[in-house]
Amino acid sequence: MSDHPARILLLLALIGLFVRLMPVLRSSVGMNPDSGRYIELAQGLKHGCGFARLIDGHCSEVETLRTPGYPLFLAAMPNLRCAIAVQGLLGAAVVILVGFFVWKCWGLAAGVAAELIIGLDIP
């Protein structure tokens, strides 16, 4: 069996990784309006507020609209750039895993299509 299809899938995953890591290369990291709330929740977790946002050095009310997964992830990261890089690596891992799975089940064209759909879906 040739490793040519595997190289194609790996190349597409690397391109997806590069696209996902591009924000880390910028001088400032852009955020959507909701990102600030997650960062405040992560700061609250680090500060000892539990699952409450840290605003101006004070703990606010307990958060009831969001699940704690992403704020816990952010709290575990040393900084926002590192969090974006880890997310990029995890995203690339998903791209390659899906690509290889789809390739084995439905062929190379389907694997390439799956990788392109997932790899280029950058929020």
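**Close-up views of a predicted model**

View 1. Met22 lies in helix α1. Helices here are DSSP runs of H or I with at least four residues, strands are runs of E with at least two, and both are numbered from the N terminus. The model is predicted: local features need pLDDT of at least 70, side-chain atom pairs count only at pLDDT 80 or more, and totals for chains, interfaces and linings use all residues. Residues are numbered from 1 along each chain as its sequence is written, and side-chain values use heavy atoms, with hydrogens and water left out. Phe18, Met22 and Leu25 make a nonpolar surface patch of about 330 Å². Patch residues have over 30% relative accessible area and no salt bridge; nonpolar side chains (Val, Leu, Ile, Met, Phe, Trp, Tyr) are joined within 5 Å, like charges within 9 Å. Areas come from the Shrake-Rupley method with a 1.4 Å probe, and for residues only the protein chains shown count as cover. Met22 has a relative accessible area of 36%, so it is partly exposed (buried is under 20%, exposed over 50%, partly exposed in between; 1.4 Å probe, protein chains only).

**View 2. Helix α4 and its cover.** Helix α4 runs over residues 80-106. Its 27 residues should span 39 Å at 1.5 Å a residue, and the end C-alpha atoms are 38 Å apart, which agrees. The expected span is 1.5 Å times one less than the number of residues. Buried residues of α4 include Ala83, Gly91, Val95, Val102 and Trp103. Among the elements covering the buried residues are α1 (4-25), α3 (69-76) and α5 (108-119).

View 3. Asn79 caps the N-terminal end of α4. A side-chain oxygen of Asn79 lies 3.2 Å from the backbone nitrogen of Arg81. Gly107 follows α4, and its phi is positive, near 105°.

**View 4. The salt bridge of Glu40 and Arg53.** The whole structure holds two salt bridges (a side-chain nitrogen of Lys or Arg within 4 Å of a carboxyl oxygen of Asp or Glu). In one, the side chains of Glu40 and Arg53 meet at 2.9 Å, N to O. Glu40 lies in helix α2 (residues 35-47) and Arg53 in strand β1 (residues 52-55), so the pair ties together parts 13 residues apart in sequence. Glu40 is partly exposed at 23% relative accessible area. Arg53 counts as buried at 16%.

**View 5. The salt bridge of Glu63 and Arg66.** These side chains meet at 3.3 Å, N to O. Glu63 is buried, with a relative accessible area of 12%. Arg66 is buried too, at 16%.

Technical notes. Contact = heavy atoms within 4.5 Å. Polar contact = N/O pair within 3.5 Å; in protein donor to acceptor, adjacent residues only side chain to side chain.
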